[in-house]
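Welcome, and please load the model in your viewer. We will go from one selection to the next and look at what sits there.

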Amino acid sequence: MKEVINYLDSGYSVDVIYLDFQKAFDEVPHRRLIEKLAAHGFDGELLQWITNWLSERKQKSGTKRSLLELGRCVMWSSQGSVLGPLLFVIYSL
């Protein structure tokens, strides 16, 4: 980051690329993710913890006045989580 600031201070232009993986997360089926994690050596309590973390997730949508529960999620629904990007990278391997 310091290099970018130095370039800008020196009058150079800097190109930045932002990647948005939000929709990519939406396409990850939980069952296949768990299978891939097991294939990559995740097992025991860690695999069970991740399975539990993904299980029984519910999706809601709405405004302050009304909240609509859309039901159980079988695909990824945890954008903004710390664990999400790591699991997505492992799923993509």
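**Stop 1: the core**

Start by selecting V28, L33, I34, L37, L47, I50, L54, L87, F88, I90 and Y91: these 11 residues form the largest nonpolar core. A nonpolar core here is a set of buried Ala, Val, Leu, Ile, Met, Phe, Trp, Tyr and Cys residues joined through side-chain atoms within 4.5 Å; buried means under 20% relative accessible area, exposed over 50%, and partly exposed in between, with a 1.4 Å probe and protein chains only. Colour helix 3 (30-39), helix 4 (44-54) and helix 5 (83-92), each of which gives the core at least two residues. Helix 5 provides the largest share, 4 residues.

This is a predicted model, in which local features need pLDDT of at least 70 and side-chain atom pairs count only at pLDDT 80 or more, while totals for chains, interfaces and linings use all residues. Residues are numbered from 1 along each chain as its sequence is written, and side-chain values use heavy atoms, with hydrogens and water left out.

**Stop 2: the whole chain**

Zoom out to a cartoon view, where you can find 5 helices and 2 strands. Helices (H or I, at least four residues) and strands (E, at least two) are DSSP runs numbered from the N terminus. Tracing from that end, the order is α-α-α-α-β-β-α. Of the 93 residues, 19% are buried.

**Stop 3: helix 3 against helix 4**

Now show helix 3 and helix 4, whose axes come within 11 Å and cross at roughly 170°. Axes are lines fitted to C-alpha atoms, for helices over the stretch in contact, with angles from 0 to 180 degrees between N-to-C directions. Helix 3 is therefore roughly antiparallel to helix 4, a label for angles over 145 degrees.

**Stop 4**

**Last stop: Y91**

Which residues does Y91 contact, leaving aside its neighbours within four places in sequence? Select V28, P29, R32, L33 and K36; contact means heavy atoms within 4.5 Å.

Technical notes
Angles under 35 degrees count as roughly parallel, over 145 as roughly antiparallel, 65 to 115 as roughly perpendicular and the rest as oblique.
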